[in-house]
Amino acid sequence: MNEEEYIRKDRMRFTKNSLASTLAIVSIVFDVLYFLNIYSSDINNNVGNFYYQIRIGASIILNLLFMLAAFLSSEGIKNYKSEYGYVMIILGIIQVVRIFILPMQAHAAEVTVGGVTSKVMGNAQFITVIIYLALSAIAMFAGAYIGIKRSKELEAHMASLKKAAA
């Protein structure tokens, strides 16, 4: 290992893993955009009572749990705790799976209000929410990869320092 590489790794002991943490926060931002887009659609579009069912309540709870877990992971990965990187991978997978639940159901559903049949979620909104969830998942996966990689590098560096001191 050259001197620059050694200094970079040693510096990690005194700095935070801000990139991985920031990516987790970015994932939360995209989730919030998804959340706002879905839950404001009943206000903007007359879609009957499609959104007033148990699945929307479950979706709201899932959103809140996702944001709490993502923020906790952001704080943990910032301190080079690799286990939070694995939590971030699970959160990213959850975001991908969510694409196939509420957005797909709303896009496929039709409602009749006042004798007029229309889709609950049009193509433009469907594409928008899919992009938000996909970007949220990508940010979470990228943050997890960077966080785990840097955590392992720091662990190996700390082990080499202990070995050298012994």
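Colleague: Where is Thr-128 found?

Modeller: Thr-128 is found in helix H6. Keep in mind that this is a predicted model.

Colleague: What separates the C-alpha atoms of Thr-128 and Tyr-51?

Modeller: Those C-alpha atoms are separated by 18 Å, and the two residues are 77 residues apart along the chain.

Colleague: Back to the helices. At what angle do the axes of H3 and H6 cross?

Modeller: The axes of H3 (residues 54-78) and H6 (residues 123-165) cross at roughly 25° and come within 11 Å. Angles under 35 degrees count as roughly parallel, so H3 is roughly parallel to H6.

Colleague: Is that crossing left-handed or right-handed?

Modeller: The crossing of H3 and H6 is left-handed.

Colleague: Which residues meet there?

Modeller: From H3 you have Phe-66, Ala-70 and Ile-77, and they meet Ser-136, Met-140, Gly-147 and Ile-148 in H6. Sorted by class, the contact has five nonpolar residues, two polar ones and no charged ones.

Colleague: New topic: how many aromatic pairs does a search of the whole structure find?

Modeller: The search finds one aromatic pair. Phe-35 and Tyr-39 form it, edge-to-face, with 4.5 Å centre to centre and 70° between the planes.

Colleague: How far apart are Phe-35 and Tyr-39 in helix H2?

Modeller: Phe-35 and Tyr-39 are four residues apart in H2 (residues 18-44), so about one helical turn separates them.

Colleague: Let's do loops. Where is Ser-82, and is Ser-82 buried or exposed?

Modeller: Ser-82 is found in the loop between H3 and helix H4 (83-99). Ser-82 is buried, because its relative accessible area is 7% and buried means under 20%.

Colleague: What does Ser-82 touch?

Modeller: Leaving out residues up to four places away in sequence, Ser-82 touches Ile-148, Ser-151, Lys-152 and Glu-155. You've already met Ile-148, one of the H6 residues in the contact with H3.

Colleague: Last one: where is Phe-14 found?

Modeller: Phe-14 is found in the loop between helix H1 (3-11) and H2. Phe-14 counts as exposed, because its relative accessibility is 61% and exposed means over 50%.

Colleague: And how far is Phe-14 from Asn-79 in space?

Modeller: Phe-14 and Asn-79 are 10.0 Å apart, C-alpha to C-alpha, and 65 residues apart in sequence.

Conventions:
Residues are numbered from 1 along each chain as its sequence is written. This is a predicted model: local features need pLDDT of at least 70, side-chain atom pairs count only at pLDDT 80 or more; totals for chains, interfaces and linings use all residues. Side-chain values use heavy atoms; hydrogens and water are left out. Axes are lines fitted to C-alpha atoms, for helices over the stretch in contact, and angles run from 0 to 180 degrees between N-to-C directions. Helices (H or I, at least four residues) and strands (E, at least two) are DSSP runs, numbered from the N terminus. Angles under 35 degrees count as roughly parallel, over 145 as roughly antiparallel, 65 to 115 as roughly perpendicular and the rest as oblique. A crossing is left-handed if the near helix is turned anticlockwise from the far one by less than a right angle, and right-handed if clockwise. Contact means heavy atoms within 4.5 Å. Ala, Val, Leu, Ile, Met, Phe, Trp, Tyr, Cys and Pro count as nonpolar, Asp, Glu, Lys and Arg as charged, and the others, Gly among them, as polar. Rings of Phe, Tyr and Trp (its six-membered ring) pair if their centres lie within 6.5 Å; planes under 30 degrees apart count as stacked, over 60 as edge-to-face and the rest as tilted. Buried means under 20% relative accessible area, exposed over 50%, partly exposed in between (1.4 Å probe, protein chains only).
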